Amino acid sequence: MTSLKQSVRRFDLYAPPRIVSLREVADGVGAERPVSAREVLRRLDAVPSEVRLAEPVTTGTALGGRAEMVLRSNGTYTSTGHMRATGFPSFAFVVQPTVEGGGGRFRALAVHQGRVFGTDTPGDRQRNWSEDGRNEAVRQNWLTFARDARLTVRKEWEVSGVLGTLGDIATAVAQFVGAAAVTGSGGMAAALVIGSRLGEAAHEPWPFPGLPVGVTIASGVLLVFGPAAIVPALAAGVAVEALVDHRPLSTEEEAFAVKVFGPTLPPREQIILTNISGLDDRAFVVPGAGGSYLVNLGDHFDDPMAPRGKYRQRGQMLIHELTHVWQAKRWPATTYFCQGVTESTYEPGGDPGRPWSAYGIEQQATIVDRWYAADPGFLTGEFQKPHPNFSLKAAHPYDHYIHLHIRAGMT
């Protein structure tokens with residue numbers, strides 16, 4: 001009989017050296033509390049390591065085809081299919097296969113485009129596509145995708161036209177994601193970019209010059225569109241453009257951050273603070289278009305240094321969010337489009353001997369902000385100097401994480 005440990009380790013999501021709790025796994029497979037190891041094992045064994053989906057593509061014209069998608073628990077995917085002209089006219093087309101999982105909270109998008117020629121024009125009647133790749137967020141959210149995955153196919157076509165420039169693709173995808181965020185059940189967390197051309201489209205100019213690069217409005221939803229995924233932010237009408245504030249990290253904030261992070265953060269001009277908020281009004285950080293890092297603070301935008309809620313020391317919340325910028329500079333972008341808006345495990349636990357890589361992104365950020373706030377006397381005294389002497393800070397169990405990883409820039 002397969003042991004619970006063997007079933008857990010079957011998925012890359014829980015691969016060593018990561019340490020996971022039974023409660024975390026139970027939440028991932030949807031097991032109700034109180035947690036039963038037998039029930040968790042049963043549900044884990046029912047989770048496939050690969051999902052294969054296929055749908056015909058119909059248009060009501062002399063153009064049709066088929067789209068297939070394979071997603072795997074290690075984050076790899078294969079998108080294949082074809083479109084064929086079956087009569088007189090020729091067509092240009094864009095096909096967008098989309099795998100939905102987690103009740104529509106996550107969508108994995110691919111885009112394929114081309115032309116096929118009917119009997120009116122010499123040329124290939126059929127166009128095939130096959131794209132292999134890997135998406136970190138598919139791996140990280142595998143239990144969500146595998147639970148109820150289904151494939152839908154969105155398509156656009158025109159007779160003998162030229163369709164599907166990168167700008168057209170970016171606009172069409174943004175409209176689709178915005179509409180899905182409004183109509184989907186449970187609130188969509190993210191649409192993952194798994195088509196290579198979508199990554200290119202993220203760098204297209206947007207029709208709202210008052211918004212940060214990579215932020216747009218579609219179907220009344222504010223969307224953060226970067227190289228890895230699209231995250232719905234706050235729902236509003238087009239007037240939201242006038243309500244979005246953004247600015248780069250100030251020189252004072254940069255000088256403050258350097259005291260904790262040293263030279264390991266991106267240049268301050270690339271760190272863009274906004275008043276955008278995510279699900280449940282949470283702050284979140286995502287790598288945006290053009291090499292920027294969007295630090296979305298919601299209501300905390302006006303004074304990011306102010307103590308708020310669990311962040312009792314001045315600057316503690318900003319340190320937490322800048323830790324995500326530190327991570328985003330070094331980790332796959334998809335980590336921040338998905339985990340950054342959904343991860344709920346903030347508590348790092350009581351074992352400071354664990355490897356740094358064994359912690360989730362929110363746990364790492366909590367380690368840094370708690371380390372920063374642990375000695376109030378140091379903060380009001382020595383820390384106020386341009387180059388504080390950290391040997392005067394009270395010893396803390398997290399010291400080695402800060403000096404060996406954060407300040408050294410080592411993951």
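Modeller: Let's start with Asp369, which is found in helix α12. Helices (H or I, at least four residues) and strands (E, at least two) are DSSP runs, numbered from the N terminus. This is a predicted model, where local features need pLDDT of at least 70 and side-chain atom pairs count only at pLDDT 80 or more, while totals for chains, interfaces and linings use all residues. Residues are numbered from 1 along each chain as its sequence is written, and side-chain values use heavy atoms, with hydrogens and water left out.

Colleague: Is Asp369 buried or exposed?

Modeller: Buried means under 20% relative accessible area, exposed over 50%, and partly exposed in between (1.4 Å probe, protein chains only). Asp369 counts as buried because its relative accessibility is 3%.

Colleague: Which residues is Asp369 in contact with, leaving aside neighbours within four places in sequence?

Modeller: Contact means heavy atoms within 4.5 Å. On that basis, and with those neighbours left out, Asp369 is in contact with Tyr311, Gln316, Ile319 and His320.

Colleague: What joins the side chains of Asp369 and His320?

Modeller: A polar contact is a pair of N or O atoms within 3.5 Å; within protein, one must be able to donate a hydrogen and the other to accept it, and residues adjacent in sequence count only if both atoms are side-chain atoms. Here, the Asp369 and His320 side chains are joined by one of 2.8 Å.

Colleague: Let's move to His112. Where is it placed?

Modeller: His112 sits in strand β6, residues 112-116. Its relative accessible area is 8%, so His112 is buried. Its side chain makes a polar contact with the side chain of Ser79, at 2.8 Å. Beyond neighbours within four places in sequence, the contacts of His112 include Phe93, Trp129 and Glu131.

Colleague: How should I read a nonpolar core?

Modeller: It is a set of buried Ala, Val, Leu, Ile, Met, Phe, Trp, Tyr and Cys residues joined through side-chain atoms within 4.5 Å. The largest one has 53 residues, of which Val99, Trp142, Phe145 and Leu222 touch the most other members. A second, separate core has 38 residues, among them Phe256 and Tyr401.

Colleague: How many helices and strands does the protein chain have?

Modeller: There are 14 helices and 16 strands in the protein chain. Of its 411 residues, 53% are buried.

Colleague: What share of the contacts with a separation of 6 or more is between residues 24 or more positions apart?

Modeller: In the protein chain, such residues account for 65% of those contacts.
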